[in-house]
Amino acid sequence: MSSPLEQALAVMVTTFHKYSGKEGDKYKLSKMELKELLNNELPIFGSKQMDEVEFKRLMNDLDHNKDSEVDFKEYVCFLACITMGFNEFFKDSPTKQPRKK
């Protein structure tokens, strides 16, 4: 049986491949594929929360090699940044659970 962290890693990978390759390169997310992934899997970053100008800015920031697609490395960097933001937000939460020893 896999640990929760191993399961989380598997979800990150399978989610990328669920959306990549619907159009074009099967190992990259097109703009449409990224938008669909965000709307379905990360609705806090979806089109209901972000207008077209903001989405283009996000796409430009994620697309380090400027090929107009998001590859797996760029996607993982995005998830890492989101995770760091969540950590900052929740680290001082009063409902923080005590660490197990």
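Hi everyone. Before we start, please keep in mind that this is a predicted model, where local features need pLDDT of at least 70, side-chain atom pairs count only at pLDDT 80 or more, and totals for chains, interfaces and linings use all residues. Residues are numbered from 1 along each chain as its sequence is written, and side-chain values use heavy atoms, with hydrogens and water left out.

Let's begin with the whole chain. The protein chain has four helices and two strands. Here helices (H or I, at least four residues) and strands (E, at least two) are DSSP runs, numbered from the N terminus. The C-alpha trace spans about 50 × 35 × 25 Å along its principal axes.

How much of the chain is buried? Of its 101 residues, 26% count as buried. Buried means under 20% relative accessible area, exposed means over 50%, and partly exposed is in between, using a 1.4 Å probe and protein chains only. The chain exposes about 7600 Å², and carbon and sulfur atoms supply 60% of that. These areas come from the Shrake-Rupley method with a 1.4 Å probe, and for residues only the protein chains shown count as cover.

Now, contacts. A contact means heavy atoms within 4.5 Å. Among contacts between residues at least 6 apart in sequence, 40% join residues at least 24 apart.

Next come the aromatic rings. There are six aromatic pairs in the structure. Rings of Phe, Tyr and Trp (its six-membered ring) pair if their centres lie within 6.5 Å; planes under 30 degrees apart count as stacked, over 60 as edge-to-face, and the rest as tilted. Take F16 and Y75: their ring centres are 5.0 Å apart and their planes are at 50 degrees, so this pair is tilted. F16 lies in helix α1 (residues 4–19) and Y75 in helix α4 (residues 72–90), so the pair ties together parts that are 59 residues apart in sequence. Both F16 and Y75 are buried.

A second pair is F86 with F90, whose centres are 6.3 Å apart with planes at 80 degrees, so we call it edge-to-face. These two residues are four apart in helix α4, about one helical turn. F86 is partly exposed, at 41% relative accessible area, and F90 is partly exposed too, at 47%.

Let's go back to F16 for a moment. Its relative accessibility is 0%. Which residues does F16 touch, leaving aside its neighbours within four places in sequence? The list is Y27, K28, L29, L37, V70, D71, F72 and Y75. Ring pairs also link F16, F72 and Y75 into a cluster.

One more ring is worth a look. K35 lies over the face of F55, at 4.7 Å from the ring centre. For a charge to sit over a ring, NZ of Lys or CZ of Arg must be within 6 Å of the ring centre and within 35 degrees of the ring normal.

Finally, the loop between α3 (52–62) and β2 (70–71), where you will find K66. Phi of K66 is near 55 degrees, a positive value in a residue other than glycine. S68 is in the loop between α3 and β2 as well, and its phi is near 65 degrees, again positive in a residue other than glycine. S68 is partly exposed, with a relative accessible area of 43%.
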